[in-house]
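We'll start with charges, move on to the overall build, and then stop at a handful of residues.

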Amino acid sequence: MDRRHFIGNSAAALGLLAGFSGQARANLQKAEILVIGGGYGGATAAKYLRLFSNNTAKVTLIEPNASFVSCPLSNLVVGGSRTLSEITTPYDNLSKRHGVKIIQDSVASIDTDKKTVKLASGKTLRYDKAVVSPGVTLMMNSIEGLAQANKAGVTLQAWKAGPETVALHKQLASMRDGGTFAISIPEAPYRCPPGPYERACQVANYLKQNKPKSKVLILDANQDVTSKGALFKKVWAEQYAGMIEYLPKYNVTAVDAKTKTVKFEVQDDIKADVLNLLPAMSAGEIAVKTGLANANGRWVNVNFLNFESTAQKDIHVLGDSIQIAPAMPKSGHMANQHAKVAAAAIVAELSGWEINPAPVLTNTCYSFVNEKEVVHVASVHQYNAAEKTFKTVPGSGGLSPAPSTLEGVYAWGWAHNIWADSLG
Ligand SMILES: Cc1cc2nc3c(=O)[nH]c(=O)nc-3n(C[C@H](O)[C@H](O)[C@H](O)COP(=O)(O)OP(=O)(O)OC[C@H]3O[C@@H](n4cnc5c(N)ncnc54)[C@H](O)[C@@H]3O)c2cc1C
């Protein structure tokens with residue numbers, strides 16, 4: 001993207017902040033906008049709906065958790081070098097600074113005919129526009145025995161940051177020296193392509209310092225490392241030689257919680273001391289339940305100009321729940337970008353304006369390979385009107401040449417900036 005186009009797109013977004021006619025203001029003020037899920041997509045959408053409407057739109061955010069816990073950087077909590085409190089942000093700025101009404105509850109069902117949502121507490125709310133960003137569902141039944149093993153506390157996923165993240169670190173800390181930590185990866189697409197490989201590095205970093213006779217097994221259902229492959233493999237060879245073993249095409253089919261044994265489609269069984277099994281994933285439960293998951297019954301097809309579901313009018317779906325465009329990762333950064341395009345489009349639509357015909361999204365994803373050194377991958381995605389999808393801009397983005405501590409500083413800068421952008 002050249003400078004002229006970049007400025008053009010920014011100006012189009014900023015144009016939304018300019019004056020509102022009386023009729024446009026009335027339409028916006030009348031509209032009830034419900035945002036379901038206060039993660040990277042939903043929190044950003046709630047804030048930007050208020051900003052782009054000059055604080056005139058009525059925006060209610062429904063989220064069960066009292067505060068936002070970031071998945072990005074949560075692998076450092078698994079590895080023990082950081083705490084959960086360092087990656088937790090309260091929601092109160094959204095209400096205090098931006099006038100978002102926050103309801104701490106979860107949505108039990110959506111009635112798309114009546115345009116209402118029912119909360120777990122029993123209350124019913126009406127919407128004109130609903131923004132749905134519920135993250136992913138871990139398909140526990142895709143691995144035989146996994147649901148029971150998780151219930152018994154034998155296998156943890158920690159793929160939604162929170163108490164399980166801390167519990168997984170505790171399992172690691174109480175593992176014997178000489179033990180094996182196994183992490184399994186489902187076939188792509190799944191939440192955060194580089195996340196499992198970063199986790200393997202964080203676990204190995206902990207073991208190297210505390211239990212050096214131990215091993216990390218990466219059981220990957222994919223043909224090869226799905227993100228930053230050459231960089232991760234170099235780090236495993238140089239920093240964790242003899243400790244990390246990478247096994248591609250290992251598709252987990254079952255787990256026996258009693259014997260901590262993992263079974264595969266093809267290969268022999270493997271036993272491990274700590275099992276971190278990540279099953280296949282789908283759109284967040286509420287999206288699936290509402291019939292929005294019209295891509296293989298797993299993901300939600302959206303119109304990429306406004307992120308409206310192709311299954312239901314006036315429901316806009318963001319983040320990990322959507323059927324991605326080519327080369328679009330399921331990432332927090334991407335969810336934040338979806339949210340801004342959707343918020344601008346919703347405000348434009350309610351105001352009777354044209355929506356931006358050429359949105360642009362960016363993505364940067366940092367991975368910590370030890371406590372301090374980091375590698376990144378970045379990309380720029382532009383809407384392609386002929387194909388009605390986003391395509392990466394040729395020559396944009398890129399990859400780190402090697403891990404560095406400077407990128408570690410940038411990674412924390414990225415995190416603090418995106419938390420401030422979404423929640424500050
Ligand atoms: C270990 C790990 C590392 C990662 N690292 C990175 C990284 O470095 N960079 C990056 O960009 N991304 C990273 N990601 C990916 C990132 O976390 C996700 O892509 C991002 O959280 C997606 O945003 P979302 O809004 O779709 O979902 P989420 O952020 O998960 O938000 C969903 C929210 O919806 C709420 N919710 C769910 N159902 C309901 C309901 N029925 N009613 C009300 N609320 C509901 C949930 O409580 C939750 O708060 C990482 C993920 C993991 C697991």
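Let's begin with the charges: the protein carries 43 positive and 34 negative side chains, and the centres of these two sets lie 5 Å apart. Keep in mind that this is a predicted model.

**Overall build**

Secondary structure first: there are twelve helices and 25 strands in the protein. The radius of gyration is 22 Å, close to the 22 Å that the globule rule gives for 424 residues, so the protein is as compact as a globular protein of that length. If you're setting up a box, the C-alpha atoms fill roughly 70 × 50 × 40 Å along the principal axes.

On the burial side, 55% of the 424 residues count as buried. The accessible surface comes to about 17600 Å², and carbon and sulfur atoms own 52% of that. As for contacts with a separation of 6 or more, 67% of them link residues 24 or more positions apart.

Helix 8 covers residues 195–210, which is 16 residues. From its first C-alpha to its last it reaches 23 Å, close to the 22 Å expected at 1.5 Å a residue. How many of its 16 residues are buried? The count is 13, so helix 8 is mostly covered, given that buried means under 20% relative accessible area.

The peptide bond leading from Ala-188 into Pro-189 is cis, with omega near 5 degrees.

**Two residues with positive phi**

Ala-158 has phi near 50 degrees, a positive value in a residue other than glycine. You'll find Ala-158 in the loop between helix 6 and helix 7 (163–173). Lys-388 is another non-glycine residue with a positive phi, near 55 degrees. Its place is the loop between strand 23 (374–384) and strand 24 (389–392).

Buried or exposed: which is Ala-158? Its relative accessibility is 2%, so Ala-158 counts as buried. Lys-388 counts as exposed because its relative accessibility is 61%.

Val-69 sits in strand 3 (residues 67–69). With 24% relative accessibility, Val-69 counts as partly exposed, since that class runs between the 20% and 50% cut-offs. Not counting residues up to four places away in sequence, Val-69 touches Leu-84, Ile-87, Thr-88, Ala-161 and Gly-162.

Ser-142 is in the loop between strand 10 (136–138) and helix 6 (146–151). Ser-142 is partly exposed too, with a relative accessible area of 37%. Which residues is Ser-142 in contact with, leaving aside neighbours within four places in sequence? They are Thr-253, Pro-279 and Ala-280.

| Pair | Apart along the chain | C-alpha separation |
|---|---|---|
| Val-69 and Tyr-48 | 21 residues | 20 Å |
| Ser-142 and Ala-254 | 112 residues | 8.5 Å |

Conventions. Residues are numbered from 1 along each chain as its sequence is written. This is a predicted model: local features need pLDDT of at least 70, side-chain atom pairs count only at pLDDT 80 or more; totals for chains, interfaces and linings use all residues. Side-chain values use heavy atoms; hydrogens and water are left out. Helices (H or I, at least four residues) and strands (E, at least two) are DSSP runs, numbered from the N terminus. The radius of gyration is taken over C-alpha atoms; the globule rule is 2.2 Å times the number of residues to the power 0.38. Buried means under 20% relative accessible area, exposed over 50%, partly exposed in between (1.4 Å probe, protein chains only). Contact means heavy atoms within 4.5 Å. Accessible areas come from the Shrake-Rupley method with a 1.4 Å probe; for residues, only the protein chains shown count as cover. Lys and Arg count as positive and Asp and Glu as negative; His and the chain ends are not counted. The place of a charge is taken as NZ of Lys, CZ of Arg, CG of Asp or CD of Glu. The expected span of a helix is 1.5 Å times one less than its number of residues.
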